[in-house]
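This text walks through a structure, beginning with the place where two chains meet. Please have the sequence and the model in view.

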Amino acid sequence: MINLEINGKAIQAMPGTTILQAAQAAGIDIPFFCRDDRINTRNCMEYGDCKMCSCKVEGVDGLVTACNNEVEEGMKVWTESEQITKARREILWRMLSKHPLDCVNCKKLGNCKLQTYCVRYDVKDPEYRVAYEHRPIDDSMDTFYTEFDKCILCGKCVRVCRELVGVEAIKMVQRGFDNKVIPTSKTVLSESSCVECGNCSSICPVGAIVPKYFKPYRAWEATGVDTVCLGCGLNCSMDVRVKDGQVMDVLPEEGSDSCNLLCKKGKFTFWRPENRVLKPMALSEASSYEEVTYEAATEKIKAEYDKVKEKIGPKDIVGVVGYGITVEEKEKFQEFMNAIFRTYNIVTLDNNESAFTPLPCEEDKNIDVIESRCMNCMVRCKAEENVTVPFRKVQKAIRVNYEKPELTHILSDSEALKKGKVIVSIGEVDKTDFPKKAFTVMITSHLPLQEQAADVVFPGCLETEKEGTVLSINKETKTVRRCVPNPEDVSDLAELLDSLKKSILE
Amino acid sequence: MFEYYDGSLGNEIQVTIDGKNVTVAPGSSILEAAQQVGIEIPTLCYLKGLTPTGACGMCAVKVEGEEVLQRACAIKCVDGMVITTNSDEIQAYREERMTEILEKHPNDCLTCQKTGGHCRLQEVSHLFDINPKERHVPNRGLDDSSPAMIRDMDKCIACRRCITVCEEVQKIGIYEYVNEDGDRYVRTKKNVKLTDTSCINCGQCVKVCPVAALSEKDGIQKALAALNAKDTVVVWQMAPAIQNTLGEEFGFPAGTDVTGKIAAAMKRLGGYAYTTDFSADVTIMEEGTEFIDRVQNGGVLPMMTSCCPGWVKYMEYNYPDQLSHLSSCKSPQQMFGALVKNFLPEKIGVDPSSIYHISIMPCVAKKYECNREEMHSENGLRDVDLVLTTREFGKLLKLRGIDLETIEPEEFDDFMGCGTGAGRIFGTTGGVMEAALRTVAHVLSNGEINTIDYEVARGYKNVKEAELTIGDLTVKVAIVNGIANAKAIMDDVRAGKSPYQFIEVMACPGGCLNGGGAPLGEPKKIAERMEKMYESDANNKLRFSHDNPQVQELYKTYLEHPCGHVSHELLHTSYVDRSAEVK
């Protein structure tokens, strides 16, 4: 252990920790913009670009950056003083000199690091303004937009995109006052390799990269709920921002598997309340969905059940568990299938190892397994789009020898499913390959993309509307917490299954 | 302000809002009916329970049968009314109103005092995408004459909330509304500076101002400078009400007791962490002794509490001939300050002149009080160097990256860190009286009466009265909250027909829990805070001020006895006739 003093307080730290980490552990807040603990390569430890964390170390001339200087025995550090305040003000002035002062319209208001530090160091107006080239808002993506006029060049988005996500959709070009972040395509983001994971928007300290919220809200109006994403078997931790019983935004949270990242599904799409199934629906004779009452939908199932129950055996009936289902719900579903169809013939989509096959790496034989699980998720999302995989080294290898990885989808593959004559599915099924002739019942929050996939559809809950536990692919039990109430007329899955069971068996 | 509808007004009525049928109590406005079913109508000027001004126009809705759009806050529901709250016409109208406001509003949100959670304009403007190309800031200037608050009339959006609160709730009425050829704004009557009005600095207007046109005088930068200075020792104190309200700024439910967490936060910021609960107990010792002395030796009665600086200033403005009724005790804040600068230095071994004493108060008037001329020690040191409001302290913690939610509770520092339940309830109306009665009854009965709960002193009633028998003595007391209710009582006192011996007054409705520096709260929230505060009192092992071991120690080693010589030097004060200051 190394003994040092920060602001007159005696502190012990492990060798190799930075001054910033030691101070944080002791509860001393040192301001910074560009530091990101996740990007832990030697290269990035030395990033030290924003200089906001400059501190005074006794016996050293000038100020030193706390983020990339390691603690030393007997070191005496001061994190706030007149000299330091002056230096930090200079940095803020430099940032403000090119920053549009349009806070009232800024979506980041109240959650903006630049603003917080300006208040903290009493920077009311920019000391000087620099003429700069205004760049249009890049609105080309569906899920977020960029307004790089507001960028303070901390470089975090670029590094997260490159180092953690492994996509390199944005990059930094030029130097000095011309320094800027641009899409790698040099045009708009949608033409770059962006996979819309949104991790850049989660990390941006200012309002330069902002999600397209479906409803305006201010940061302070929302409260957070810690839960996990049910979009795939990884179950990344997330912080769901809720205002007035509605989910406004989802932020990645430090978790065991996720290393504080989310994919497009977790960040933007999986919890969206748009295009929800809110009423039971049945396939009409004209082959289109029409809204029906619960009774009518149940009646339809019952009629089919009575028709087939004598003719078919347990193997003809298949239960499908899609994404967004908790352990408790799965158990309930098993119970339901057994009670009605006397079958345990159930196929699950999540926790399916084959969906997460690591990519082969030709060039670097040492890397045969991509360790970070969240990256797999990213790969899985991207595989169809022929893009790329995480980690720069691996990425390079793949680029040379790129073959579309085999990411077989269990549903289209499953022999059991092909033989199915009656199919009951719960949860989200994003790629349905159900046999056409089978009678299909779905309990889902969103209609499958493939039309006429189901004969009867019941409304299901979103991941943010249920509580329970989930077993992640790493065999870790995680807690799912309710963030928002159910919409009107949409009951919990357990309740729905109970009432279905009751009316069918009557 | 604390009255709820009890169903006595008549039959309920039915209206239809956006296709939803709503049953409301008669007299409800359209806005209230909409809120009842969760339909959000934006407002800037509406204040629950007060007369609507309809100034902002954001709440415009369409009432079937009416040609022009109606203000939802001002129009009462009529049976069978059909209302639409959202259409292109309404949206266009709201946008037009918002553009008008934003065009005149300076765009300096970057470091504006109310930015990030306290500005209603930011919340509402966000619903529209309005970005005025040109702004015409009226340049009406800044009034920073008062040591307690700042009026930046450039930011005023003429919502008239301040006028309503000052006139209806506090009945002081220093503001007026001006409409000069469409240039609408609010100014003080006779257009004088704040220091030349009869403003008592209660801060209720600051609290309701939707923008930063009215704000407390910023103390954050001073606090940061003191914390950064290497040779300065910061000593903190925090009012009883802070401990049950600060949590709200960090998302805790209303009234949550976060005492230990604040102590930890204070220490993390740097300095010695103390609570004003301690000096509230000292106040009871001093004030109680003074009261007993007045009763037994024919002093001026009724005696009145002097804890509330707004109330003291009100007396100095309006009843300068009755000042002798006020207890000569300093407020708990100032007592604490005097002890910090005289008693504490020797104990903790620091030079008194290197101490910077910051007090956290739910109050704007305390900023004025700490600057009063007489509030310093013999050595010339100010009792209290800086006062931060609850909101400011919350902001300071956030600026320094301290999250109350995650911080582990700690204990206060030695010598002045112990407070009893009696000291805690100083933060609510009736609390000072109840705490005083506990000790006075104990002393007068020679320790025989040890009643803890005086239910008569609790609740929100504007004026509470009680008659108590202690031995052969009958004491009639009155408890007033909301300065508006003090006038009748004071007129009686002036006429010599007041039946009371002891009167407690708190200038803000509900007491310090709803003070001008506290987080904004609806009546329901204030009720929760009050409930939790009595809970904190009940959870404290010590319920009597005279049982506080540190207070006992203080008297044994330093002050000798209540109202003694040293006490008079440090803990008592005098008042000034200010009636001539009002222009």
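Between chain A and chain B, 14 residue pairs are in polar contact (both at pLDDT 80 or more); a polar contact is a pair of N or O atoms within 3.5 Å, where within protein one must be able to donate a hydrogen and the other to accept it, and residues adjacent in sequence count only if both atoms are side-chain atoms. The model is predicted: local features need pLDDT of at least 70 and side-chain atom pairs count only at pLDDT 80 or more, while totals for chains, interfaces and linings use all residues. Residues are numbered from 1 along each chain as its sequence is written, chains are lettered from A and ligands numbered from 1 in the order in which they are written, and side-chain values use heavy atoms, with hydrogens and water left out.

On the side of chain A that touches chain B, there are 12 nonpolar, six polar and 11 charged residues. Here Ala, Val, Leu, Ile, Met, Phe, Trp, Tyr, Cys and Pro count as nonpolar, Asp, Glu, Lys and Arg as charged, and the others, Gly among them, as polar. In terms of contact (heavy atoms within 4.5 Å), 29 residues of chain A meet 27 residues of chain B.

Within chain B, B:T389 lies in strand 15 (residues 386-389); strands are DSSP runs of E with at least two residues, numbered from the N terminus. B:T389 has a relative accessible area of 0% and is therefore buried, the limit being under 20% with a 1.4 Å probe and protein chains only. Its side chain makes a polar contact with that of B:E216 (2.7 Å).

Terms used. Helices (H or I, at least four residues) and strands (E, at least two) are DSSP runs, numbered from the N terminus. Buried means under 20% relative accessible area, exposed over 50%, partly exposed in between (1.4 Å probe, protein chains only).
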